[in-house]
Amino acid sequence: MSSVPDENTSFQPAPNPSIAEAQAPRAAGRGHVLVIGNEKGGSGKSTTALHIAVALMTDGIRVATLDLDARQGTLTRYLENRAAYARRKGIELPMPQHWAVPISTLNDRSAAEADERARLEAALEPAVVGSDFVIVDTPGSDTHLSRLAHTWADSLLTPLNDSFIDLDLLARVDPDTLKIVRPSIYAEQVWKQRQIRAVQGGRPVDWVVMRNRLSALAARNKRDMSKVIDALSRRIGFRVAAGLSERVIYKELFLNGLTLLDLKRGGTGPSLTLSHVAARQEVRDLVAALNLPLGVETPPPVEAEAQPHQPEPESLPEDAPETETATEGPPPGE
Ligand SMILES: Nc1ncnc2c1ncn2[C@@H]1O[C@H](COP(=O)(O)OP(=O)(O)O)[C@@H](O)[C@H]1O
Ligand SMILES: [Mg+2]
């Protein structure tokens, strides 16, 4: 697949730069950083961040969370509500190690940026060292802190409300043909952060876009969105995850700091209905689609002492697969 240069774009992303066929294992002793980002508020970043955190912790995985939207502080608040609920009910709920990083109050711009960088790194370093996954919730606006966080992302998840208003941050779309006119601001921002990360020698980021608040109605809008998102994913290089349906339960859970993963039949919080079971499956499917590296990189083996020569077997064992001829480059016909 090759991307055709477009005069209207100020950048030319490489074709599918982020589509990771297989995630590299985590470096031993370093957590994998998952940034939840979208410059649009209300797309479900904080809700998704906590749901993914709890889904991982439920499987015994160590998670740290960072709230870079400290002004709104939704994730921080969500966790405070969660701790208070557990205290009130005398129950144990899995809790991540959490940091809130507010924007700098310094007036001078470069001093403020240096201050933010220092404070972000002061939170990220212990989070990365002390956990398997670090989930970073970002604000719904283009801030210096948010840009910095994007350069740390091993995986980037962008929740997108199922609406062309939200899609507008990723691409301008022709209303008649639904063709992509050009990628827009957030796509460009991600591309720039990827470049910075590449220069710093980081691994390529795996960018996943998920659709949120999918309605059971609105079939036509859903279909049109699918069409455009699929085309866009090839154009600017992200994977698409199925996402979450629109459900009132997400709003109800916030006050008690709960997630769908915490609900048990006759147990914690609101009683579990069939619709909640389906919703919980969507969260689990989303986590699976992220393809997070659960395994840890094994260090390269120490140079072995010279081994005595092993004679080659004279013939292949009966059930050995046929040797494949390695082919470099595209298959014939491309
Ligand atoms: N799948 C969903 N169904 C229904 N409401 C949702 C869903 N996802 C998020 N919400 C609600 O949308 C609002 C914005 O979500 P939030 O996670 O705070 O977004 P962001 O962090 O991107 O601003 C909240 O009221 C939240 O409860
Ligand atoms: Mg938020």
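## Around ligand 1

Helix 1 (45–58) and helix 8 (249–253) each give at least two residues to the shell around ligand 1. Helices (H or I, at least four residues) and strands (E, at least two) are DSSP runs, numbered from the N terminus. Helix 1 provides the largest share of that shell, three residues. This is a predicted model: local features need pLDDT of at least 70, side-chain atom pairs count only at pLDDT 80 or more, and totals for chains, interfaces and linings use all residues. Residues are numbered from 1 along each chain as its sequence is written, while chains are lettered from A and ligands numbered from 1 in the order in which they are written.

There are 17 residues around ligand 1. Gly-44, Lys-45, Ser-46, Thr-47 and Tyr-250 come nearest. A residue is near a molecule or strand if its C-beta atom, placed from the backbone, lies within 6 Å of it. By class, the shell holds nine polar, five charged and three nonpolar residues. Ala, Val, Leu, Ile, Met, Phe, Trp, Tyr, Cys and Pro count as nonpolar, Asp, Glu, Lys and Arg as charged, and the others, Gly among them, as polar.

## Helix 1 and its partners

Helix 1 packs with helix 2 (residues 74–89) at an angle of about 45°, and their axes are 9 Å apart. That angle makes helix 1 oblique to helix 2. Axes are lines fitted to C-alpha atoms, for helices over the stretch in contact, and angles run from 0 to 180 degrees between N-to-C directions. Angles under 35 degrees count as roughly parallel, over 145 as roughly antiparallel, 65 to 115 as roughly perpendicular and the rest as oblique. The crossing is right-handed (near helix turned clockwise from the far one by less than a right angle; anticlockwise is left-handed). Ser-46, Ala-49 and Leu-50 of helix 1 meet Thr-74, Leu-75 and Tyr-78 of helix 2. This contact has four nonpolar, two polar and no charged residues. Two residues are in contact if their C-beta atoms, placed from the backbone, lie within 7 Å.

Helix 1 also meets helix 9 (residues 274–290): the axes come within 10 Å and cross at roughly 85°. The two helices are therefore roughly perpendicular to each other. Helix 1 contributes His-51, Ile-52, Ala-55 and Leu-56, and helix 9 contributes Val-283, Arg-284 and Val-287. Five of these residues are nonpolar, one is polar and one is charged.

## Helix 4 and helix 6

Helix 4 (residues 144–152) and helix 6 (residues 185–199) pack at about 55°, with axes 8 Å apart. They are therefore oblique to each other. Their crossing is right-handed. On helix 4, the contact uses Arg-147, His-150 and Thr-151; on helix 6, Gln-189, Val-190, Gln-193, Ile-196 and Arg-197. By class, that is four polar, two nonpolar and two charged residues.

Seven strands form an open sheet with parallel pairing, in the order 3-2-4-1-5-8-9. Strand 3 (97–100) and strand 9 (239–241) stand at the edges with a single partner strand each, so one side of each has no neighbour in the sheet. From one strand to the next, the twist averages 20°. Strand 2 (residues 63–67) pairs with strand 3 in the parallel sense over four bridges; pairing requires at least two DSSP bridges between two strands. Ala-64 stands opposite Gln-97 of strand 3.

Helix 3 (residues 109–130) packs on this sheet. Helix 3 touches strand 1 (32–36), strand 2, strand 3 and strand 4 (133–137), and its direction makes about 160° with that of strand 2. Helix 4 lies across strand 1, strand 4 and strand 5 (155–161), running at about 140° to strand 1.
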